[in-house]
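This report is for a reader meeting the structure for the first time. Please look at the sequence and the model before reading on.

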Amino acid sequence: MKRSRRDFFKTTGMCAAAIAAPAVAAHEKPPTPGTPAPEVRWSRKVPVRYEADVAVVGGGIAGVCAALAAAKSGARVILVERFAVCGGNATVGGVGAFCGETAGQGEAFDTIIAGLETWKAIAPYEPYEQRGARVFNHEILAIVLQEILLSRNVKLLLHTGFVDALEQGGRVSECIVCGPSGPEALRARQFIDCSGEAMLVRMAGFEVMKGRPEDGYQLPMSLMYFVRHVAEEDAQPQLPDGWFDPVRTKEDLPMTSIWPNGPRANALKLKVPMFDASDTESLTAAEIRARRRMMEVLDYFQRIEKKPWLLDHCSPRIGIREGCRIVGDYVLKLEDLRAGRTFDDAIARGVFYLDGHKPDDEKRTYIIPEDQRRVPPYQIPFRSLLTRGAKNILAAGRCFSADQLALSSARVMTTCAMMGQAAGVAAAMAAEAGCDPRELDYGNIRTTVTGRGAKLDV
């Protein structure tokens, strides 16, 4: 099982892995800065259990739309998802609202919307300019996604994590996945990385970038949690004395957004900055910090503001805005968005504002001033989905090729859905033609996605 000898941890930005990392236990000796970690070599023969034309790694909205689009084109598709349900931040992360425009995103996303409407689980349509976000029931979305994927004969591998990739000469032949059955190989002609953290691209040895160039800080994460409105006698503060660091004044609150969540309920979103979503220890520390902060903030609302709230549940995963991004054939830049730039190989359209929260504090602060955050409609080129140096890997969703501020707009699920649809279309075309996506006629990809309802006009 031959691995690329490239350093797959190479990034174009500084690594922020150690930011606010958990303290080293007393019995552990901390590594000396700059000292290489010990290494082991491992090798194992695993069965090639799965074969497909197109393999999609990551079942968020981008991955779902990629799988739906490839299957609609006649490809045999396998979708690998590490959690029990598809949807990513929209379901597991508890983010029950679509930002950006929800009409004209293409047939794949239209199918998702139609499913939610059938279940009466989404707010009525309004153009993006007239609303902040289109709220939906994230638990119903999980059901809708699995059923529409199965209706197109997409093979789902749930509870299955991506482990590694076998690459030679720029081409991935198989990836290693691991679920309850243990490590197994998935062989495919084309691969689409929708992992959010560019896991497939990184493990195959291709270059990625993350964070802002000067220090590697990523866009901050957010935790979603949910409260029920109860009788006053049942709404006593739940934070015991001596636990954590309770918030006692409004000025000490971190950025906290309060959303509707059905009758007698609310969802709360809590900003959690200065952690690295692509580093195991840092992401672990982020989850721990977020749940502690959740209880401190909830205690404030219960004790100080006398809200009749009782904690119902917390999303099982923190919401990630930025992990690693591929270095593609084209890096979408902030200037492209501000200019409303168009491209001959456009495959998606963005409209959302520059939602770049400052990555190094927990308040409602932004990287750029409010009067500079709006952007005109802009296009995303197919080249930003092509992994530089790779022959048969596309990327879609928040790990596509963009600088940090361009990502802050294009990362929303509606725009990710358009990218996913385009990646699925291109991967199916390449699998059928026996070529690499870079060799396709980009005009044909654009014609297909627009023929499937994607509105690209700016």
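The sections below cover confidence, strand pairing, backbone angles in loops and helix packing.

## Confidence in the model

The structure is a predicted model. Its chain has a mean pLDDT of 92, and 93% of the residues reach 70 or more. Residues 1–30 have a pLDDT below 50. In the model, this stretch has 55 contacts beyond near neighbours in sequence.

Strands of a sheet pair through backbone hydrogen bonds, in either a parallel or an antiparallel sense. Strand E6, residues 161–168, is paired with strand E7, residues 171–179, in the antiparallel sense, and seven bridges join the two. One of the bridges links Gln168 to its partner Arg171 in E7. E6 and E7 form a hairpin with two residues between the strands. Gly169 lies in the turn and has a positive phi of about 60°.

E7 also pairs with strand E8, residues 182–193, again in the antiparallel sense. Here there are six bridges, and Cys178 has Pro183 in E8 as its bridge partner. E7 and E8 likewise form a hairpin, with two residues between them.

## An open sheet of four strands

Four strands make up an open sheet in the order E11-E12-E10-E13, with antiparallel pairing. E11 (256–260) and E13 (309–314) each have a single partner strand, so they stand at the edges and one side of each is left without a neighbour in the sheet. On average, neighbouring strands of this sheet are turned by 30° against each other, direction ignored.

Within the sheet, strand E10 (residues 221–229) pairs with strand E12 (residues 265–272) in the antiparallel sense over eight bridges. Ser222 stands opposite Lys271 of E12. E11 and E12 are joined by five bridges, also in the antiparallel sense, and Ile258 stands opposite Leu268 of E12. These two strands, E11 and E12, form a hairpin with four residues between them. In the turn, Gly262 has a positive phi of about 90°.

Most residues other than glycine have a negative phi. Which value does phi take at His159? Phi of His159 is positive, near 50°, and the residue is not a glycine. His159 is found in the loop between strand E5 (155–157) and E6.

Arg264 is another residue that is not a glycine but has a positive phi, here of about 50°. Arg264 is placed in the loop between E11 and E12.

## Helix H3 and its contacts with H1 and H2

Two packed helices are described by the angle between their axes and the distance between the axes. For helix H1 (residues 61–72) and helix H3 (residues 138–151), the axes come within 10 Å and cross at roughly 25°. H1 is therefore roughly parallel to H3. The crossing of these two helices is left-handed. On the H1 side, Ile61, Val64, Ala67 and Leu68 meet Leu141, Leu145, Ile148 and Leu149 of H3. The contact of H1 with H3 has eight nonpolar residues, no polar and no charged ones.

The axes of helix H2 (residues 107–118) and H3 come within 9 Å, with a crossing at roughly 125°. H2 is therefore oblique to H3. H2 passes H3 in a right-handed crossing. Thr111, Ile112, Gly115 and Leu116 of H2 meet Ile140, Leu141, Val144, Leu145 and Ile148 of H3. By class, this contact of H2 with H3 has seven nonpolar, two polar and no charged residues.

## Helices H8 and H9

Helix H8 (residues 413–433) packs with helix H9 (residues 442–451) at an angle of about 125°, and their axes are 10 Å apart. The two helices, H8 and H9, are therefore oblique to each other, and their crossing is right-handed.

Which residues of H8 meet H9? Gln421, Ala422, Val425, Ala426 and Met429 of H8 meet Asn444, Ile445, Thr448 and Val449 of H9. The residues of the contact of H8 with H9 divide into six nonpolar, three polar and no charged.

Methods
Residues are numbered from 1 along each chain as its sequence is written. This is a predicted model: local features need pLDDT of at least 70, side-chain atom pairs count only at pLDDT 80 or more; totals for chains, interfaces and linings use all residues. Side-chain values use heavy atoms; hydrogens and water are left out. pLDDT is the predictor's confidence in each residue, from 0 to 100. Contact means heavy atoms within 4.5 Å. Two strands pair if DSSP finds at least two bridges between them. Axes are lines fitted to C-alpha atoms, for helices over the stretch in contact, and angles run from 0 to 180 degrees between N-to-C directions. Angles under 35 degrees count as roughly parallel, over 145 as roughly antiparallel, 65 to 115 as roughly perpendicular and the rest as oblique. A crossing is left-handed if the near helix is turned anticlockwise from the far one by less than a right angle, and right-handed if clockwise. Ala, Val, Leu, Ile, Met, Phe, Trp, Tyr, Cys and Pro count as nonpolar, Asp, Glu, Lys and Arg as charged, and the others, Gly among them, as polar.
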